[in-house]
Structure formats: C-alpha cells, structure tokens
Amino acid sequence: MERILFVINPIAGGGNGAKKVGRIRRLLDKNRFSPDFAFTEHGGHATEIASRAAADGVDVVVAVGGDGTVNETACGLIGTRTALGIIPNGSGDGLALHLGIPRHLPGAMRKLNHGNSILADSGIVEGHRFFCTTGVGFDAKVACDYAKAGSRGIKTYIAKAVEDWKNFKPSHYVITTEDTKIEVDAMLVTVGNANQWGNRCHIAPTASVTDGLLEITIVKPISIVQAPDLLIKLFKYEAYKSEHIIHLRGKKITIQRDGGLEAHYDGEAIMLPETIHIECCMQTIHLWC
C-alpha cells in the first residue's frame, strides 16, 4: 500500500479546491493508495507540507491547484524519493498538460491510479526553481499585470495580454549558452523545461523534462497582422516552423536585456536584474505520471 498525500489549494479553480475531496476519495484506487489530505493556508505552505511529507516517507504528494501550487509543492520534494503528482485546477496547468494529465477530475484520477514515477529535471533562474517555463519580455509583462488584477482566469489573462500588446516594445537581448551566442531584438524569450506556458499553448514544443536540457524560444518582433498565424502554430505544436521564432538549447543560459525587469517562473511574476542566469538541474525530482 502506497501512502499518498493530497495538498489542496482551497482557493484555486474559483475556490472549488476543497470541494474536490469527496470526489477524490471516491475515485482513488483504495487497493493501491492510503490517502491523506492537507490544505494550504498561505504562500509557501505547500512547500512546507510537501517537505514534511517526504521526510515522513510519503510515496506520492499530489498538488491540487494551479501552476503556483504545483511549483510550491514540487520545491518541497527536490532531492527526495517522494514523487510529485498533479490534479490540475488552475488557469494554465502547464506541467500537468505536458505530462498528459487531463484537466477533468475523473481523467486525472485515472492517470494517478495507474501512474508511476519518473526521474525528471528542473530549472533554476536566479535562485527561483521552475519546472515548466521561465521567461522575460511580453509574457513576463502580462504575468506581472495579471498578478495585479483583481480577478483570475483565462479571460482576465487574455484581457491583460491584449491591453499590454498595444504599448509593448521589443527589447534587445544577448543570449548565451555553452556553445552559442546570439544578439537579437525580440518580443520575448522563454526557457522551457516542459513544452508549454499552459492551456496547450506550446511555446517550446520539443522540450522534454528528462533530457538534461532547456529549450530556448525567441520570438522576434511581429505585427498584429502576423500574430494570429504564430498563435495558431503555438497551439498546433508547430512553433518551430514559424519564421518569427528562433530555437536554441542549453544547460546553462545567460540572458542580457536592455529593457524591463519583469520576469516569470512557472507563471509567477517576479522582478529580476537585466542579466539573468538560468541552469538545468538534471534528475532532481520524481514526477508521477
């Protein structure tokens, strides 16, 4: 019998996190798992709960919430034998979708019941751990403005993106990896451990969480007329086919920029210096999928 702990963000998914407990109990394979439940009460609490659970020998800790809850829970499991499971309940759910975890609860529970652990990579950007993506430029600007908004959800995110697009100016970047250096004007630079921002928008379609590399996607300046074609390619796993995109890969990456301090990691808005150091940390976390 495997011990499993569900770490639930009660305000995720429009405040329906706590309501999922009964359904999770019914859908869980009782012949395989012995469940327990914990609720987050403040920022960073999921990390504390997960860390204690790993020290206590829990086999799987499941984050029930959005990308922020997943990131916090995962940070508490770095370097342990306890695996991270995910029941997606957020507005993006990037890592869950990369791993093929459905966003509807019955499908996610089926995946959990039949899952196994894989040893995966993570990334670090200026001391902040990420498991999906980190980036600077337009997406980081939107993430920062979205964090300040009075409401959550995909409609709010799209509204902020449209508003920011009107006045956004590309920046000049110098991007360095172990064997490449490139200077370019760009709308954004995203570094992916997983393949998407979330909502199946695949900014890094060939990224893998187990290859020891990070995928760098550079989006060159585009007009409002060109944007729809690029957006379609992002949702069709075809970003690499766009003439507006440059792809690189690396283990250690430096990004120098000449404008803006906004950045994000796994969708969480932060402010970072003009020169940013990013590194792939190989085989640091077990993922349940």
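H264 touches T133, T134, G135, D139, A140, A143, W197, A269 and I270, where residues up to four places away in sequence are not counted and contact means heavy atoms within 4.5 Å. This residue is found in strand β14. Because its relative accessibility is 3%, H264 counts as buried; the term buried stands for under 20% relative accessible area, exposed for over 50%, and partly exposed for what lies in between, with a 1.4 Å probe and protein chains only.

The model is predicted, so local features need pLDDT of at least 70 and side-chain atom pairs count only at pLDDT 80 or more, whereas totals for chains, interfaces and linings use all residues. Residues are numbered from 1 along each chain as its sequence is written, and side-chain values use heavy atoms, with hydrogens and water left out.

**The open sheet**

Strand β14 belongs to an open sheet of six strands in the order β12-β11-β10-β7-β14-β15, with antiparallel pairing. Strands (E, at least two residues) and helices (H or I, at least four residues) are DSSP runs, numbered from the N terminus. Two strands pair if DSSP finds at least two bridges between them. The edge strands are β12 and β15 (268-271), each of which pairs on one side only. On average, neighbouring strands of this sheet are turned by 20° against each other, direction ignored; the axes are lines fitted to C-alpha atoms, for helices over the stretch in contact, and angles run from 0 to 180 degrees between N-to-C directions. Strands of a sheet pair through backbone hydrogen bonds, either parallel or antiparallel.

V136 has V189 of β10 as its bridge partner, and T134 has Y265 of β14. T190 stands opposite T217 in β11.

Strand β10 (residues 188-192) is mostly covered, with five of its five residues buried. L188, T190 and G192 point one way from the strand, while V189 and V191 point the other way.

**Helix α9**

In helix α9 (residues 227-235), the buried residues are A227, L230, K233 and L234. They lie on the same side of α9 because they cover an arc of only 125° around the axis, the arc being that of the directions from the helix axis to the C-beta atoms. Among the elements that cover these buried residues are α8 (154-165), β11 and β12 (245-250). Just after α9, Y237 takes a positive phi of about 60°.

Helix α3 has the buried residues H45, A46, I49, A50, A53 and A54. Their arc around the axis is only 165°, which puts them on the same side of α3. They pack against β1, β2, β3 (60-65) and α4 (67-75). The face turned away from this buried side carries the exposed residues R52 and A55. Just after α3, G57 takes a positive phi of about 85°.

The second largest pocket has a volume of about 170 Å³. On a 1 Å grid over the protein atoms alone, a pocket is an open set of points with protein on both sides within 12 Å along at least five of seven lines, whereas a cavity is a set of points where a 1.4 Å probe fits but cannot get out; lining residues have an atom within 4 Å of a point. Grid points are joined across faces, edges and corners, and a volume is the space filled by probe spheres set on the points. The lining consists of R3, I4, L5, S34, D36, F37, A38, I49, R52, A53, D56 and V58. β1 (2-8), β2 (33-39) and α3 (45-55) each supply at least two of the lining residues, and the largest share, four residues, comes from β2.

D56, one of the lining residues, lies in the loop between α3 and β3. D56 counts as partly exposed because its relative accessibility is 48%. Between D56 and I232 there are 176 residues in sequence and 46 Å in space, C-alpha to C-alpha.

**Helix α6**

Helix α6 (residues 105-113) contains the buried residues L105, G107, A108, M109, L112 and N113. These residues pack against β1, α2 (21-27), β2, β3, β4 (83-88) and β16 (275-288).
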